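Trainee: Could you show me how to read strands, helix packing and exposure in a model that is new to me?

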Amino acid sequence: MLPTSLLPGRHEPLGATPRDGGVNFAVFSENASRIELCIFDAAGQGELRRYDLPGQHDGVFHGFLPELGPGLVYGLRAHGPYAPEHGHRFNPDQLLLDPYAREIVGPAQRARVAATLDGASSPRLNAPRHATADLVLYEVHVKGFSMQHPDIPATLRGSYAGLAHPAAIAHFKALGVTTLSLLPVQYRIDEPHLAKLGLPNYWGYNTLGFFCPDPRLAQAQHRDDPSLVTEEFRAMVRELHAHGLEVVLDVVYNHTPEGNEFGPTLSLRGLDNSSYYRLEADDKSRYENLSACGNTLNCEHPRVTQMVLDSLRYWVAELGVDGFRFDLAPVLGRTAQGFDPNAAFFTALRQDPVLAGVHLISEPWDAGPGGYQVGCFPGRFLDWNDKFRDAVRGYWLGTDCPRVGRDELARRFTASSDLFHHGSRRPSASVNFVSVHDGYVLADVVSYSRKHNLANGENNRDGRDGELCANFGAEGPADDLGLRATRLRVRRAMLATLLLAQGTPMLCAGDEFGNSQGGNNNAYCQDNPTTWLSWGQAEADTQALVAELLRLRRQEPLLRHDAWFAAGDGAAASLRWFTPTGAEMQQQDWAGAGQQGFAAQMFEAGAAQPRLLIVFNPDAQALAFGSSAGPWRLALDSSAELPVDEIFNPGQTMTIPARSLVLLRHD
């Protein structure tokens, strides 16, 4: 029997909170005149009763429903002016989802009151905490990783549980990665244009529920019960933690599925459009579209900042995650004057005690003016560095694409000091990658000269044009053994460059064994073998190379030195560059157009002799390289031509194989 009315209740916390023998509801709306709470049957189909939220405090409507608790299905209706020209779009005929919903049920997406987590079972108690300098990120899609994995049971494939299966953990541990960076796992829906095409939003960058794990990534028997979905996610995090692996989430606090002014009203638009979204200054019926997805969250508003921070704290404190990668992160710092690294959101985030120990990673660009902000994020943020990607590709792909010189590669290999050497930022602030989910995977970088996105239903118009790639003479898969060997050499050299460079390396799942997406560089709507990792075609030798590179990175502190190299005075760790003749590089050497090979000597603090020598040879011919230092012992040759542990004495000329990176240690 439902009560006849609500008690005033409390204005905090926002959302639906079981307490004191009932449920407290609190909803922010600065401009609504009334907010109704609508109670539904357990299936979320039949509306049973409506109540006005009787309390109001600082823009929050609140009420207490006694004698009920977890499992109650509800929605909201907001009353107020429908005046788009003033930014208001209230419509009480439209049922709205609570933006703080912890559980979402049914095809109509109703909120359900969730049980309160027992604090004694906090998933953060045994969480690993890898130092920033030691991080090795592994960007991975929960479903795509395990859907075709032969050693993961079919019932677990594609699920949170599948990602924490012993076979998955064994792979992560064998590689030597420390931190899984998961593509979005918050509750998302498909865009209308994809629904018309019969395609899903596979990547997940269309979040509706910022406090809910996506049920489509749970085991089939759990998907209809949000509490089981949440517990499966929490169990995945606990299991990964038990094996020393961190979990970072890709989060999308820049836009919602409500789209532009012609989109659906689902939640925030109906509750308080002019507070939650950035509107055009000269026409408040239109949205600022800094996300290129139709709308932009107004993180400048204190209540929107609060919602984002509340969401982040929930995923850390109750679900146990170890950090976040913020999609289109400049949106979070947008003000009327443009991007501000000291914007209110960043100030609030950096002082938050719950979030003080987690990793913060930015995708440092959005679609608005002045949106490219690599190197400009505050505090302990790490930034994705696309300049590293383009330099590495341009250097190793050679004449088949615009050639990058050794000066640019050297700058990116040493953590892009032009971008990050300011304030208190360290080399680890540069998140280095050669491929990610967005764009070509590494195998396709060396196999295609143009994008192949027809399956996405947009006549190949979608996806980035002009992305650096080269097919080395034939488009797509090739039978020619020489061509295949060349492609493999270049891939291995790029992996070695990535994993030995200063900064924080990020590996795209599948690149470690040659996974391909058939040249699709925007596979966001491909939930099929295009995006599922092809374990049956995995290259064991390439996987072994990645594991060895990461072992060397762990073993040699100079390869993950989280301070800027000194100029070579011996008081601090330093780095010096050399030509193939063994002479130290001079200014005119960097500008030389002909010679591409060169080398770096790395010195420990106070050492007279170099500890490490790294030689780069991107050319199609072997390189004669001389060094007056030494003796050197070969630690790694990306081409696998030279025998490991071979000794090279001072003055001896080394033959560096074509298209290879070679690492030697002072013997």
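This is a predicted model: local features need pLDDT of at least 70, side-chain atom pairs count only at pLDDT 80 or more; totals for chains, interfaces and linings use all residues.

Trainee: Which way do the residues of strand E22 point?

Mentor: In a regular strand the side chains alternate between the two faces of the sheet. In strand E22, residues 359-362, His359 and Ile361 point one way while Leu360 and Ser362 point the other way, and all are buried.

Trainee: Which strands pair with E22?

Mentor: Strand E19, residues 323-326, pairs with E22 in the parallel sense over four bridges, and Arg325 stands opposite Ile361 there. E22 is also joined by two bridges to strand E23, residues 382-384, and these two run parallel, with Ile361 standing opposite Leu382.

Trainee: At what angle do helices H13 and H14 pack?

Mentor: Helix H13, residues 481-500, packs with helix H14, residues 540-555, at an angle of about 20 degrees, and their axes are 9 Å apart. Because angles under 35 degrees count as roughly parallel, H13 is roughly parallel to H14. The contact includes Leu488, Arg491 and Leu495 of H13 and Asp541, Leu545 and Leu549 of H14; by class, it has nine nonpolar, one polar and four charged residues. H13 passes H14 in a right-handed crossing.

Trainee: Is Gln537 buried or exposed?

Mentor: Gln537 lies in the loop between strand E25 (504-508) and H14, and it counts as exposed because its relative accessibility is 64%, where exposed means over 50%. Its C-alpha atom is separated by 9.6 Å from that of Ser516, although the two residues are 21 residues apart along the chain.

Technical notes:
Residues are numbered from 1 along each chain as its sequence is written. Side-chain values use heavy atoms; hydrogens and water are left out. Axes are lines fitted to C-alpha atoms, for helices over the stretch in contact, and angles run from 0 to 180 degrees between N-to-C directions. Angles under 35 degrees count as roughly parallel, over 145 as roughly antiparallel, 65 to 115 as roughly perpendicular and the rest as oblique. A crossing is left-handed if the near helix is turned anticlockwise from the far one by less than a right angle, and right-handed if clockwise. Contact means heavy atoms within 4.5 Å. Ala, Val, Leu, Ile, Met, Phe, Trp, Tyr, Cys and Pro count as nonpolar, Asp, Glu, Lys and Arg as charged, and the others, Gly among them, as polar. Buried means under 20% relative accessible area, exposed over 50%, partly exposed in between (1.4 Å probe, protein chains only). Two strands pair if DSSP finds at least two bridges between them.
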